[in-house]
Amino acid sequence: MSQAPDNASAIPLDRAAGRNVRIGRTILIPAAVLLGCACLLFVKLGSSPQVLPDEGSLLSLARTLAEDGVYAIRTSEGYQTYGIIQSIGPTVVIPVALSFKLFGVGLVQARVVAGIYAMLALLALYLFGAKLFGMRAALLAVLLTLTTPAIALLIFGRMVIGEIPVLAFFLLGCWLWLKATLERRPWLAPLAGLCFGAAAVTKSYYLLYIGSGLALVAALDLLVYRQRLIRQALIAGVVMVACWAAWIGWQVLYFGLPTFQTNAAHLRDLAAGTFQFSLPMARQQIRMIFGEEGGYFFFFWGIVALAYALWLAFRSDRRGPAIVFVLGFAISGFSYFLFFFPPWLFYIPGLFAISALFTGKLWSDIIGAIELSQSTPAQSRPDGSRLALLGAVWAVILLGVVYPFCFTVNDQLFSEIPYTRTAVQAAEFLDAHVDQSLVVETWERVMGSLTDHRYHYPDHGLGAKVNAFLYRNGPHDFTLGEAYFKAHHVAYLVWGVAATETIVYDRDYLSSHACVVAAFDSFGQHYLIYRLNDRVLEPGAPPCLTSSTYR
C-alpha cells in the first residue's frame with residue numbers, strides 16, 4: 001500500500017481552521033462590540049441623564065398602571081387621559097409598569113427597560129446591516145450610531161422615551177423584510193408588518209415614514225425592479241395599519257367615545273400649534289442637523305452617504321428594494337422634520353441611524369477598494385502610498401467615531417454632574433416636610449414617580465399654546481395664576497426645569513402670595529418649592545427662605 005502524502009490531512013485541517021476563524025470573526029467581534037455597548041448603557045442610570053418632561057410623564061403613567069391598574073396619570077382630582085398616552089404607546093409603558101410591579105417604583109427600574117430597548121436597537125441595526133451590506137459596514141454603523149451626538153444613544157437610549165424603542169421595532173421589521181426578500185420567505189412579511197405596527201403604535205409619526213418607504217418600494221418594483229414585491233409591501237403595510245388601528249380602537253373602548261373625542265381635539269390643537277410649514281424653521285433645522293448638535297452630520301459624510309445609497313439602490317440584485325425602502329424612510333423623515341417639526345433633534349434618531357448604516361457602507365467600500373488594490377498579483381510588496389491612504393481613511397473614520405464618543409462618555413458616565421439630583425432633592429424635601437394630604441402643583445410630572453403626594457398637573461391640552469409660543473411666535477396667553485391655584489386647592493408648587501422653560505405659572509402672583517421654602521440648583525438644573533401662604537396655615541409648615549438664599 002502506498003503511503004499517503006504528508007500534507008493529505010493538512011488541507012481539511014486548514015479549511016477547518018479558516019472556517020473557525022470566520023465563525024469567530026462573525027460572532028465574537030459583534031458580540032464583543034454589543035457587550036461593550038451594554039456596559040455603557042447601564043451605568044449610572046439613577047444620576048444621568050437628566051429627566052425630560054416626556055420621561056417624567058411616562059414614569060407617572062407607568063406607576064399609575066402598576067399600582068392602580070388604570071392606564072392614565074393619577075392626579076389629585078382623578079386621572080388624566082390625555083398627553084403622554086397619545087405620545088408614546090403601550091409598547092414602552094407596559095414593560096416599565098411591569099418593572100415597577102416586580103422591582104418597585106424608581107428611576108433605575110424604569111431606565112433598565114430603556115437600556116434593553118437600546119441594546120435591541122443596536123442588535124437589530126447590526127443584523128439588518130450585516131444582511132444588507134456585510135459585517136464590516138454593519139459594525140461601523142453600530143459604532144457610529146453609538147457615538148454620534150446626532151443620535152446621542154448614551155443619553156436618549158438611557159431615558160424612558162419612545163424614540164429609541166421605536167427605532168428597535170423599525171429595524172427589526174427591516175431585517176425581517178430583507179430576509180423575506182432575499183430568502184424568498186413570504187411568510188416573514190406579516191412578521192415585518194407586526195414590527196412596523198409596533199413602531200407605529202410606539203410613535204405614530206412612524207406610520208408616515210414607513211408608509212412612504214413601502215409605497216416607494218411598490219412603485220419602483222412595478223417600474224424598475226420587477227421582483228414581485230408589491231404583494232409583500234402591501235401585506236406588511238396592511239398589518240402595520242391594522243396594529244395602529246387596534247391601538248386607536250382600544251383607546252375608544254377603554255376611555256369611551258366622548259373622552260376619546262376630547263383627547264383627539266386636544267391632539268389636533270397640539271399638532272396645529274406645533275407642526276406647521278415654516279421656511280425660517282427649516283433654515284434653523286438645517287443649521288442644527290449640520291452643526292455641532294448634529295455631530296456635523298457625521299462630519300459631513302452623512303449627506304455623501306445618502307447620495308451613495310441612492311446609487312446603490314438601483315443595482316440589479318435583490319437588495320436594491322430594501323435600500324430603496326430605508327432610503328425612502330429617511331428622505332421622507334428628513335423632509336418632514338425640516339419643514340414641519342419644531343427644533344427637537346432627539347425626535348429623529350431613526351433617520352440618523354439609517355444614515356449611519358449608509359455611511360458605514362461607504363466607509364467599508366472605500367476601505368475594501370484600497371485593500372483590494374493592495375492585494376493584486378502585480379504587487380510584489382505592499383505599496384507605501386496605498387498603505388498611507390488606508391491609514392488616512394481609518395484615521396478619518398476613527399476621528400468621526402472616537403472624538404464625539406469620548407466627549408459623550410466623559411460627560412454622561414464619568415463626570416461628577418448628577419443630572420437628576422435636583423429632582424431627587426425636591427422629592428426628599430417633600431417627603432420630609434410636606435403632608436401628603438395637601439395638593440402639590442407641578443409641571444414636572446416625574447415627581448409623581450418619586451413621592452406619594454397628591455400632585456396636580458396642568459391640563460396637557462395647554463401644550464398646544466406652550467409650543468406655539470416657544471416655536472411659532474404665538475402669544476403668551478396661558479399663564480396660570482390666582483384663579484387656577486384656588487380652583488385646584490394648591491398648597492405647594494414645585495417649579496422645575498419645564499416650568500422655567502415654559503413660564504406657565506404667574507410669577508407676579510407667586511411673589512406676592514407665596515414664598516420659596518426650598519431651592520435646589522445643580523449644574524443649571526433649578527428646582528424651587530413654593531408654599532402658597534393662603535393655603536398652608538398649619539404651624540409645622542416649612543419656613544420661607546430669604547431671596548438671597550436661593551437667587
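Which residue forms a salt bridge with Arg-63? Asp-452 does, with the closest N and O atoms 2.1 Å apart. By salt bridge I mean a side-chain nitrogen of Lys or Arg within 4 Å of a carboxyl oxygen of Asp or Glu. The pair links distant parts of the chain, 389 residues apart. Arg-63 sits in helix 2, and Asp-452 in the loop between strand 3 and strand 4.

Ground rules. This is a predicted model, so local features need pLDDT of at least 70 and side-chain atom pairs count only at pLDDT 80 or more, while totals for chains, interfaces and linings use all residues. Residues are numbered from 1 along each chain as its sequence is written, and side-chain values use heavy atoms, with hydrogens and water left out.

Confidence next. pLDDT is the predictor's confidence in each residue, from 0 to 100. The protein chain averages 82, and 83% of the residues score at least 70. Residues 1–11 stay under 50. Where pLDDT is low, the predicted coordinates should not be read in detail.

Now the overall build. The protein chain has 24 helices and seven strands. Those are DSSP runs, numbered from the N terminus: helices are H or I, at least four residues, and strands are E, at least two. Of the 551 residues, 53% are buried. Buried means under 20% relative accessible area, exposed over 50%, partly exposed in between, with a 1.4 Å probe and protein chains only.

Back to the charges. The count comes to eleven salt bridges. Arg-63 is buried at 7% relative accessible area, whereas Asp-452 is partly exposed at 48%.

Glu-55 forms a salt bridge with Arg-111, at 2.9 Å between the closest N and O atoms. Glu-55 is buried at 0%. Arg-111 is buried too, at 0%.

Five strands form an open sheet, order 4-3-5-7-6, with mixed pairing. Two strands pair if DSSP finds at least two bridges between them. Strand 4 (454–456) and strand 6 (514–522) are at the edges, each with a single partner strand, so one side of each has no neighbour in the sheet. Strand 3 (residues 439–442) runs parallel to strand 4, joined by three bridges. In one of them, Glu-441 has His-456 of strand 4 as its bridge partner.

Conventions: Contact means heavy atoms within 4.5 Å.
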